[in-house]
Amino acid sequence: MTGPSEVLRDGFAHHLWATRRLLDALDALGEEELDAEIPGTYGSIARTITHLIDADDRYLQRLAVADVPPYVDHGGQPVAVLRERLAEHEERWAAMLGALEEGTLLSRVDRGEDGIVDPAESLLLLQALHHGDDHRTQVCSTLGASGLDVPELDVWSFWAAERA
């Protein structure tokens with residue numbers, strides 16, 4: 001029988017797999033293609049995928065400590081750098097999910113005027129999954145609108161690739 005913990009782990013396995021696959025697709029692109037952007041998205045392909053990975057880093061920080069440094073916009077980082085950061089995130093997400101299972105993951109988020117969210121574990125975990133899907137979709141929309149190949153990143157493709 002599948003338990004809630006396994007479902008959440010599968011959600012993050014898909015999140016990381018889809019981001020890795022998207023980086024694989026972006027690895028073959030030139031600078032001009034990575035600078036492509038379309039209205040209604042976060043920004044260029046490079047800036048959007050960097051923002052996704054930056055945000056994951058902040059969610060991971062917030063799960064570990066209450067106060068995080070102010071956000072730094074890294075613009076668009078090279079795919080090789082993003083791939084290294086993603087590999088580090090895989091280990092950190094696994095550790096956070098392990099702490100959640102053990103009951104030792106305790107987070108709070110101070111949203112300034114919006115107040116304090118305590119406990120904030122669910123908020124941060126759900127936001128990471130949603131945020132990743134949202135921005136991967138934006139990058140894929142930009143790829144498609146630019147006439148470039150769009151990788152299959154959906155859960156069905158993940159399940160076929162990873163569970164077959």
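A salt bridge here is a side-chain nitrogen of Lys or Arg within 4 Å of a carboxyl oxygen of Asp or Glu. With that settled, I looked up the total, and the structure holds 10 salt bridges. I keep in mind throughout that this is a predicted model.

**Entry 1: arginine 163 and aspartate 10**

I began with a pair that spans much of the numbering. The side chains of arginine 163 and aspartate 10 form a salt bridge, with N to O at 2.3 Å. Arginine 163 sits in helix α6 (residues 155–163) and aspartate 10 in helix α1 (residues 4–27), so this pair ties together parts 153 residues apart in sequence. Arginine 163 has a relative accessible area of 41%, which makes it partly exposed. Aspartate 10 comes out at 16% and is buried, because buried means under 20%.

**Entry 2: aspartate 73 and arginine 47**

Next I turned to aspartate 73, whose side chain meets that of arginine 47 in a salt bridge at 2.8 Å, N to O. Aspartate 73 is in the loop between α3 and α4 while arginine 47 is in helix α3, so the bridge ties together parts that are 26 residues apart in sequence.

**Entry 3: aspartate 54 and arginine 85**

I found another helix-to-helix pair here. Aspartate 54 and arginine 85 join their side chains in a salt bridge of 2.8 Å, N to O. The pair links distant parts of the chain, with aspartate 54 in helix α3 and arginine 85 in helix α4, 31 residues apart. Aspartate 54 is buried, at a relative accessible area of 4%. Arginine 85 is also buried, at 15%.

I also noted a network of salt bridges, which links Asp24, Asp27 and Arg83.

**Entry 4: histidine 89**

Staying with helix α4 (residues 79–102), I looked up histidine 89, which is placed there. Its relative accessibility is 1%, so histidine 89 counts as buried. What touches it, if I leave aside neighbours within four places in sequence? The contacts of histidine 89 are Ile53, Asp56, Asp57 and Leu60.

**Entry 5: glutamate 84**

Glutamate 84 is in helix α4 too. I got 60% relative accessibility for glutamate 84, so this residue counts as exposed.

**Entry 6: the negative patch and glutamate 37**

Then I went to the surface. Glu31, Glu32, Glu33, Asp35 and Glu37 gather there in a patch of negative charge. One of these, glutamate 37, is found in the loop between α2 (31–34) and α3 (45–64). At a relative accessible area of 53%, glutamate 37 is exposed.

**Entry 7: glycine 43**

The loop between α2 and α3 also holds glycine 43. Is glycine 43 buried or exposed? The value is 5% relative accessibility, and glycine 43 therefore counts as buried, since the cut-off is under 20%. Not counting residues up to four places away in sequence, glycine 43 touches Ala36, Glu37 and Thr48. Glu37 belongs to the negative patch of the previous entry. I also noted threonine 142: it is 99 residues from glycine 43 along the chain, with the two C-alpha atoms separated by 9.4 Å.

**Entry 8: two prolines**

I finished with two prolines in loops. Proline 70 is found in the loop between α3 and α4, where aspartate 73 also lies. Its relative accessible area is 69%, so proline 70 is exposed. From proline 70 to tyrosine 59 I have 11 residues in sequence and 13 Å in space, C-alpha to C-alpha.

Proline 119 is in the loop between β2 (116–117) and α5 (121–145). What kind of peptide bond joins aspartate 118 and proline 119? The bond is cis, with omega at about 10°.

How values were computed. Residues numbered from 1 in each chain as written. Predicted model: local features only at pLDDT ≥ 70, side-chain atom pairs only at ≥ 80, totals over all residues. Heavy atoms only, no water. Patch = residues over 30% accessible without salt bridge, like charges linked within 9 Å, V, L, I, M, F, W, Y side chains within 5 Å. Areas by Shrake-Rupley, 256 points an atom, 1.4 Å probe, with all protein chains shown as cover. Lys, Arg positive; Asp, Glu negative; His and termini not counted. Charge placed at Lys NZ, Arg CZ, Asp CG, Glu CD. Helix = DSSP H or I, 4+ residues; strand = E, 2+ residues; numbered from the N terminus. Buried < 20%, exposed > 50% of the residue type's maximum accessible area, 1.4 Å probe, protein only. Contact = heavy atoms within 4.5 Å.
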